[in-house]
Amino acid sequence: MTQEDTADAPRLRRGVRLGVDVGSVRVGLARCDADGILATPVRTVRRSPDGSDVREVVAEARELDALEILVGLPRGLSGREGAAAASARGYAERIAAAAAPIPVRLVDERLT
């Protein structure tokens, strides 16, 4: 790429992001480095009906000073969403309510 090409390319804000992989029993957490190049596992959190798991995810994001929280959205290759995607969407909504003002985004997991 020439310098002219890179001048028009959108730039990724520098900073840590927290990735969330929602499971029915546990939630996996991973973080990226400030340049968004390398993802590293952080820990797993046991799901809990009392919402303490959501609080743990948010506490981890705050401790890392995360720019945003990225929740994996498990879609089929056709793009269809099933029960796991509905669960991830609901979990992302609960995180967003507890994490404000940290933004929460859903990220398509297909082919990852």
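Of the contacts between residues at least 6 apart in sequence, what share joins residues at least 24 apart? And which residues and elements line the largest pocket?

Modeller: Keep in mind that this is a predicted model. In the protein chain, 54% of the contacts between residues at least 6 apart in sequence join residues at least 24 apart.

The protein chain holds three helices and five strands. Read from the N terminus, their order is α-β-β-β-α-β-α-β. The C-alpha trace spans about 50 × 35 × 25 Å along its principal axes. Of the 112 residues, 29% are buried. The chain exposes about 7300 Å², and carbon and sulfur atoms supply 53% of that area.

Now the pocket itself. The largest pocket contains about 190 Å³ of space. Its lining is made of 13 residues. Nearest its centre lie G19, V20, L70, G72 and E109.

Next, the loops. Take the one between β4 and α3 (83-99), where L77 lies. L77 counts as exposed because its relative accessibility is 70%, and the cut-off for exposed is over 50%. Leaving aside neighbours within four places in sequence, L77 is in contact with R110 and L111. L77 and V107 are 30 residues apart in sequence, and their C-alpha atoms are 14 Å apart in space.

Two backbone details deserve a check by eye. Most residues other than glycine have a negative phi, and most peptide bonds are trans. D65 is not a glycine, yet its phi is positive, at about 55 degrees. D65 sits in the loop between α2 (52-64) and β4. With a relative accessible area of 63%, D65 is exposed.

The other detail is a cis peptide bond between A100 and P101. Its omega is about 10 degrees. P101 belongs to the loop between α3 and β5.

Then find D65 in the loop between α2 and β4, L77 in the loop between β4 and α3, and P101 in the loop between α3 and β5.

Conventions: Residues numbered from 1 in each chain as written. Predicted model: local features only at pLDDT ≥ 70, side-chain atom pairs only at ≥ 80, totals over all residues. Heavy atoms only, no water. Helix = DSSP H or I, 4+ residues; strand = E, 2+ residues; numbered from the N terminus. Buried < 20%, exposed > 50% of the residue type's maximum accessible area, 1.4 Å probe, protein only. Contact = heavy atoms within 4.5 Å. Areas by Shrake-Rupley, 256 points an atom, 1.4 Å probe, with all protein chains shown as cover. 1 Å grid on protein atoms, 1.4 Å probe; cavity = no way out; pocket = protein on both sides within 12 Å on 5 of 7 lines; lining within 4 Å. Points joined across faces, edges and corners; volume = space filled by probe spheres on them.
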